[in-house]
Amino acid sequence: MFDVNSGFISGLILENVFVDKSHIDDYMEIGGLTGRNMGVGTVANCSVHGIVRSSRITGGIAGYNWGKVINSTFSGEVRNISNRDAATMLAEENPRDVAGGIVGVNEGVVADCTATGQITSSFIAGGVVGINFSAISRAKVFNSKFIYASGFFNRLVAPI
């Protein structure tokens, strides 16, 4: 939908979304709504339902979040697809084989969000956030038995 959000997105409902960037290696962050939610960016009261796939950092709402994702939901499938070997993934200082139900990597705020569906990654998967460096509050994940990763995974945030 949006490559980069530096503004305010509110009340958007996206049904039957299909984002497939699994064959493109140039993209770093892919989300059902925005690839990058920047520091001043806010996503509020949004809902995305569908399939989001990429070979890089992948999130149901945002691939990478530096801003705020508030009161938003994702339902469907988030899948990080990579054919890189485990040794390469473990050696990286900044992993890119990450999937999260709401956000792939979070350095901002994720609050009052819900993820439902299947979250799959070649390396790191989290039901709400794949990798978290900041604040998550009142987030929920349903169907947590459908979170898979070859490296690290957890219901809310993957423990790296």
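Reader: Which residue stands opposite Lys 68 in strand 14?
Author: Val 109 in strand 14 stands opposite Lys 68. Strand 10 (residues 68-70) and strand 14 (residues 109-111) run parallel and are joined by three bridges; two strands pair if DSSP finds at least two bridges between them. Strands here are DSSP runs of E with at least two residues, numbered from the N terminus.

Reader: Before I go on, what sort of model is this, and how are residues numbered?
Author: This is a predicted model, in which local features need pLDDT of at least 70 and side-chain atom pairs count only at pLDDT 80 or more, whereas totals for chains, interfaces and linings use all residues. Residues are numbered from 1 along each chain as its sequence is written, and side-chain values use heavy atoms, with hydrogens and water left out.

Reader: Back to the strands: what is the order in the open sheet of five strands?
Author: The order is 2-6-10-14-18, with parallel pairing. Strand 2 (8-10) and strand 18 (135-137) are the edge strands, each pairing on one side only. From one strand to the next the twist averages 5°, with axes taken as lines fitted to C-alpha atoms and angles running from 0 to 180 degrees between N-to-C directions.

Reader: How many bridges does strand 11 make with strand 15?
Author: Strand 11 pairs with strand 15 (residues 114-121) in the parallel sense over seven bridges, and Ser 75 stands opposite Thr 116 there. Strand 11 (residues 73-80) also pairs with strand 7 (residues 47-54), again in the parallel sense, over eight bridges, with Val 48 opposite Phe 74.

Reader: Changing topic, is Phe 133 buried or exposed?
Author: Phe 133 counts as exposed because its relative accessibility is 55%; buried means under 20% relative accessible area, exposed over 50%, and partly exposed in between, with a 1.4 Å probe and protein chains only. Phe 133 lies in the loop between strand 17 (129-132) and strand 18.

Reader: And what does Phe 133 touch?
Author: Leaving out residues up to four places away in sequence, Phe 133 touches Val 105, Asn 106 and Glu 107, where contact means heavy atoms within 4.5 Å. The C-alpha atoms of Phe 133 and Asn 106 are separated by 5.9 Å, although these residues are 27 apart along the chain.

Reader: What about phi at Asp 112?
Author: Asp 112 has a positive phi of about 55° although it is not a glycine. Most residues other than glycine have a negative phi. Asp 112 is found in the loop between strand 14 and strand 15, and is partly exposed, with a relative accessible area of 29%.

Terms used
Helix = DSSP H or I, 4+ residues; strand = E, 2+ residues; numbered from the N terminus.
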